[in-house]
Amino acid sequence: MGMRELVNPHILELEPYTPGKQPEGPGWIKLNTNELPYDPPEAVIDAIRLESTRLARYPNPTSGKLREALAAFHGMEPSQVIVGNGSDDILNLLARAFSGSNRSTFDTFPSYSLYPVLTAIAGGKIQSIAFDEDFSLPVSELINSGADLLFLTCPNAPTGVRFPLEQLKALAGDFSGVLVIDEAYAEFAEGNAIPLLEEYEQVVITRTFSKAYGLAGLRVGYALSTPEIVEILDRIRDSYNVNRLSQAGAMAALKSQDIYSKYIQEIKQTRQWVLSELEELGWKVYPSEANFLFAAPVKGESGAGAELAASLFRFLLQSRILVRYFPKHPLTASYLRISIGSPCEMERFIEEVRKWTRTA
Ligand code: PMP
């Protein structure tokens with residue numbers, strides 16, 4: 001039998017996830033994967049260095065101390081927390097536990113494009129409910145979907161729009177499946193869905209150290225939910241899913257809230273500055289509560305459109321500025337998703353945008 005006949009057919013059929021480019025070499029301004037533009041606090045580096053002397057030993061299999069610290073941080077019980085190798089790991093566990101060929105899995109469009117891939121790996125096929133142009137939450141459509149598992153990104157990616165807590169409550173109250181609220185960007189927002197955990201038993205909130213904690217390279221994420229759901233996810237997780245360095249680094253990061261609140265404050269201020277610059281240029285920009293903006297470029301008298309977005313994407317690339325462009329769908333093709341970098345990086349970005357605006 002040939003190798004390809006040996007592969008599970010659903011694996012051959014799935015379209016793999018495409019991560020944002022990670023360019024090699026100096027001089028790039030990287031605004032394409034929503035990372036933090038600042039170095040980790042010294043305490044994080046020190047903790048990782050110290051832990052590196054203990055690498056001959058396996059890590060704590062449950063990330064026990066980190067679970068306890070996260071539980072205390074959120075005012076919850078350790079049995080309500082699970083830690084993963086990035087929040088992608090947790091999302092994968094959720095797909096493996098709750099989706100598959102005989103389960104219905106939904107997400108919204110646009111949102112994080114990993115959900116369909118994880119669902120497909122688990123043998124299922126995701127169904128997407130598209131947003132309207134105003135990106136409001138289609139509460140009744142989501143309830144009526146009858147989904148066993150629903151992935152919802154809040155603040156949404158790529159728009160940055162946060163859905164009001166009241167709407168999330170209305171959804172959780174009448175939804176009969178497992179509701180995953182992916183809060184990868186919640187630290188940049190003015191509210192979050194954690195209050196839902198007190199009232200609803202089938203809600204899972206996922207968080208990450210990759211964005212606001214600036215530790216994307218360390219790969220640590222976590223979920224908050226009920227002990228029952230955490231126990232199910234624990235059954236199927238790799239025994240040592242989070243390495244020693246990552247557990248130690250994340251613990252130290254959690255204790256460095258003072259530094260991170262300054263970073264977050266600066267990102268929000270820079271976001272506001274970029275937003276006002278782009279609006280002054282006549283762009284349509286969604287009101288983001290994340291560390292990125294979803295914005296439709298315009299030039300001269302012509303309105304926004306896919307050609308303009310593609311043109312600016314290429315122009316920026318030539319100037320070694322990377323942003324994210326999703327050309328495949330009419331809801332996203334006229335927009336660029338721009339991560340908020342340091343004030344200096346964003347000044348360069350605006351300068352290049354102005355140059356592009358003046359080109360023929
Ligand atoms: N959810 C969303 C909405 C994201 O944008 C990302 C980052 N690409 C993730 C989850 C995954 O983050 P990580 O695995 O680094 O925790």
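Figure 1. Buried means under 20% relative accessible area, exposed means over 50%, and partly exposed lies in between (1.4 Å probe, protein chains only). The protein has 14 helices and 13 strands. Helices (H or I, at least four residues) and strands (E, at least two) are DSSP runs, numbered from the N terminus. The radius of gyration is 21 Å, close to the 21 Å that the globule rule gives for 360 residues, so the protein is as compact as a globular protein of that length. This radius is taken over C-alpha atoms, and the rule is 2.2 Å times the number of residues to the power 0.38. The C-alpha trace spans about 60 × 55 × 50 Å along its principal axes.

Residues are numbered from 1 along each chain as its sequence is written, and side-chain values use heavy atoms, without hydrogens and water. Because the model is predicted, local features need pLDDT of at least 70 and side-chain atom pairs count only at pLDDT 80 or more, while totals for chains, interfaces and linings use all residues.

**Figure 2. Helix α4 has a buried face.** Helix α4 covers residues 64–74, and G64, L66, R67, L70, A71 and H74 are buried there. Seen down the axis of α4, these buried residues fall within an arc of 160 degrees, so they line one face of the helix. The arc is that of the directions from the helix axis to the C-beta atoms. On the other side of α4, K65, E68 and A72 are exposed. What do the buried residues of α4 pack against? Their partners are β2 (81–84), β7, β8 (221–224), α10 (227–236) and α11 (244–254). Just after α4, G75 takes a positive phi of about 65 degrees.

**Figure 3. F209 in the largest nonpolar core.** This core has 93 residues. F209, L278, I338 and F349 have the most contacts inside it. A nonpolar core is a set of buried Ala, Val, Leu, Ile, Met, Phe, Trp, Tyr and Cys residues joined through side-chain atoms within 4.5 Å. Helix α12 (residues 257–280) gives the most to this core, with 7 residues. Leaving out residues up to four places away in sequence, F209 touches L70, G214, L215, A216, V220, Y222, A250, A253 and L254. Contact means heavy atoms within 4.5 Å. Another core, of 23 residues, lies apart from the largest one; A95, A120, V204 and V230 are among its members.

Figure 4. A salt bridge is a side-chain nitrogen of Lys or Arg within 4 Å of a carboxyl oxygen of Asp or Glu. By this rule the count comes to 18 salt bridges. In the pair R207 and E183, the closest N and O atoms are 2.9 Å apart. R207 lies in strand β7 (residues 203–208) and E183 in the loop between β6 (178–182) and α9 (196–199), so the pair ties together parts that are 24 residues apart in sequence. R207 is buried at 5% relative accessibility, and E183 is buried at 1%.

Figure 5. E15 sits in the loop between α2 (9–13) and β1 (29–30), and K328 in the loop between β12 (324–325) and β13 (336–339). The two residues are 313 residues apart. Are they buried or exposed? E15 is exposed at 58% relative accessibility, and K328 is exposed at 76%.
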